[in-house]
Amino acid sequence: IASGGLDGPFDVHFRASDVLVASINTDQILRYDRTTGAYLGVFAAINNFPQQIAEASNGNVLVANFCGTEVGIVEYTSAGAFVGRYNPAGVGGNRGVYELPNGNLLTTNGTGVYEVSRAGALVSTKITGVSGQYIELVQGLTPVGLQHFTVE
């Protein structure tokens, strides 16, 4: 804690050579060496309250951002360059993010689970009346070919 300015770590995402940590009190995604834990620098500044971090199939980084001027799902290249922000009306307060096989994004907030396109459109509402958080793929619990997602 505090290494590189880390304050309020919210999520930790391991990549091949580094670790990304959402620092909610400094509004940054910070990078650390995967082996030594040494601070490597700021991956991206984000306004404000970054929550879940996920990796897209193309290596880009997805961040569920709860509020501020960048509320929604924010996408960065693997090096931290801004790609886009996806925030359809009526969703906001994003907490969790996961890329679906069709390229759309699954996201959570305090009222449900939603599928969002990279054009920023709400594709569908999956679940309402729940306060969703992280999204993780759970494999091996169902028959072959089926997948279940857990939302905490």
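## Ground rules

Because the model is predicted, local features need pLDDT of at least 70 and side-chain atom pairs count only at pLDDT 80 or more, while totals for chains, interfaces and linings use all residues. Residues are numbered from 1 along each chain as its sequence is written, and side-chain values use heavy atoms, with hydrogens and water left out.

## Aromatic pairs

Searching the whole structure turns up six aromatic pairs. Here, rings of Phe, Tyr and Trp (its six-membered ring) pair if their centres lie within 6.5 Å; planes under 30 degrees apart are stacked, over 60 edge-to-face, and the rest tilted. One of the pairs is Phe43 with Tyr76: ring centres 5.9 Å apart and planes at 75°, so it's edge-to-face. Phe43 sits in strand 4 (residues 39-45) and Tyr76 in strand 7 (residues 72-76), so this pair ties together parts 33 residues apart in sequence. Strands are DSSP runs of E, at least two residues long, numbered from the N terminus. Both Phe43 and Tyr76 are buried (buried is under 20% relative accessible area, exposed over 50%, partly exposed in between, with a 1.4 Å probe and protein chains only).

Then there's Phe49 with Phe66, a tilted pair, because the centres are 5.4 Å apart and the planes at 50°. Phe49 is in the loop between strand 4 and strand 5 (50-55), and Phe66 in the loop between strand 6 (61-65) and strand 7, so the pair links parts 17 residues apart in sequence. Phe49 is partly exposed at 26% relative accessibility, and Phe66 is partly exposed at 28%. Phe10, Phe49, Phe66 and Tyr134 form one aromatic cluster.

## Two buried residues

Asn109 belongs to strand 10 (residues 105-109) and is buried, at 2% relative accessibility. Its side chain reaches the backbone nitrogen of Thr111 at 2.8 Å. Leaving aside residues up to four places away in sequence, Asn109 touches (heavy atoms within 4.5 Å) Val91, Gly92, Gly93, Asn94, Arg95, Tyr114, Val130, Ser131 and Gly132.

Tyr32 is in strand 3 (residues 28-33) and is buried too, at 7% relative accessibility. A polar atom of the Tyr32 side chain lies 2.5 Å from the backbone oxygen of Ser3. With residues up to four places away again not counted, the residues Tyr32 touches include Leu6, Asp18, Val21 and Tyr39.

## The largest pocket

The largest pocket has a volume of about 270 Å³, taken as the space filled by probe spheres set on grid points joined across faces, edges and corners. A pocket is an open set of points on a 1 Å grid over the protein atoms alone, where a 1.4 Å probe fits, with protein on both sides within 12 Å along at least five of seven lines; lining residues have an atom within 4 Å of a point.

Its lining has 14 residues, with His13, Ala54, Glu55, Tyr98 and Glu136 nearest the centre. Strand 5 gives the most, four residues. By class, the lining has eight nonpolar, two polar and four charged residues (Ala, Val, Leu, Ile, Met, Phe, Trp, Tyr, Cys and Pro are nonpolar; Asp, Glu, Lys and Arg charged; the others, Gly among them, polar).

Most residues other than glycine have a negative phi, and most peptide bonds are trans. Asn47 and Asn48, though, are joined by a cis peptide bond, with omega about -20°. Phe49 has a positive phi of about 75°, and Asp27 has one of about 55°. Asp27 is in the loop between strand 2 (18-23) and strand 3, and is partly exposed, at 24% relative accessible area.

Technical notes
Polar contact = N/O pair within 3.5 Å; in protein donor to acceptor, adjacent residues only side chain to side chain.
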